[in-house]
Amino acid sequence: MKEILGYLNYLKVVKKYSDCTILGYKEDLLELYDFKNDVLKYSEEEVRDYLEYLYSRGLSRNTISRKLSSIRSFYRYMEDEGKIFQNYFKEVSNPRKKSLLPKYARDSDLEKMFHAFSLDDVLGQRNALVLEMLYATGVRVSELVNICVGDINLYDKTIHILGKGRKERVVFFGSYCEDVLRKYLNDGYLKLNQKQSKYLFLNKNGEKLSSRYVRKIIDMAVLKCGVDYHISPHTLRHTFATDMLNNGADLMTVKELLGHSSVNTTGIYTHVSNERLRNVYEFAHPRGKE
């Protein structure tokens, strides 16, 4: 126990960790101590037994990973202090995280949401354009709120985007988005822009719309349409990418439109597309059903 207390004091005095962080380490290490009181004499077999114990409790992968990180840090410190000479926890790796496929919105629900707001109303025009532009371009919400009117080329139907790492790219929009955009620029935007802002999306005070409020707009649309699952700005980005690939776009094109630095990041959408293709196959093919 004294070794653990000494390590916790080291985290507080030398590493300057917060009380909350130290408490997390304490809980993880006391659990290790409860399993075997002499923490300096964990054999290779006992390490395996402890791992088995952790996994048998039905803990999440993230929780197990956190506990193992605490333990590895403790034993590294014990090595540095010359308290142990054989550290069997050193080779223990965290459990592999589940690969979560991105969620996308159903076409029928998207269509309802695009008509959730009235284009006769100033804020309705803005809200409708938020939805149309997120889906039309696949931009991140942080990129959306930073679009300036000067970034838009209505003739080419393009928008200049400054993305992550100040990486520039051009995205495109179609006629549906164009119609709402022209309506907003000629009406709602002029009424909202009392402070001569350069930004496209403005709040009722004429200031740049926040990312948080964009999420609120989507929540309002979801509620209005009775959609029974969560849709976020990122869901619309996922849906954009999935629909592009399902309709014949190649991976490198979608990568550029999304502003991904690596094609590996974009590659996850091929799994989603393949899953949708499988569902269609199993539904339509006479021998595809189980």
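Let's start with Y42: its relative accessibility is 6%, so it counts as buried (buried means under 20% relative accessible area, exposed over 50%, partly exposed in between, with a 1.4 Å probe and protein chains only). F89 is buried too, at 2%.

This is a predicted model, where local features need pLDDT of at least 70 and side-chain atom pairs count only at pLDDT 80 or more, while totals for chains, interfaces and linings use all residues. Residues are numbered from 1 along each chain as its sequence is written, and side-chain values use heavy atoms, leaving out hydrogens and water.

## Rings that pair up

The structure has 16 aromatic pairs. Rings of Phe, Tyr and Trp (its six-membered ring) pair if their centres lie within 6.5 Å; planes under 30 degrees apart are stacked, over 60 edge-to-face, and the rest tilted. Y42 and F89 make an edge-to-face pair, with 5.6 Å between centres and 65 degrees between planes. Y42 sits in the loop between α2 (19–35) and α3 (44–56), and F89 in the loop between α4 (61–80) and α5 (107–114), so their pair ties together parts 47 residues apart in sequence. Helices here are DSSP runs (H or I, at least four residues), numbered from the N terminus.

Y42 and F89 also belong to a cluster linked by ring pairs, whose members include Y7, Y50 and F74.

## A charge over a ring

What sits over the ring of Y199? The charged end of K208 does, 4.8 Å from the ring centre (NZ of Lys or CZ of Arg must be within 6 Å of the centre and within 35 degrees of the ring normal).

Terms used: Helices (H or I, at least four residues) and strands (E, at least two) are DSSP runs, numbered from the N terminus.
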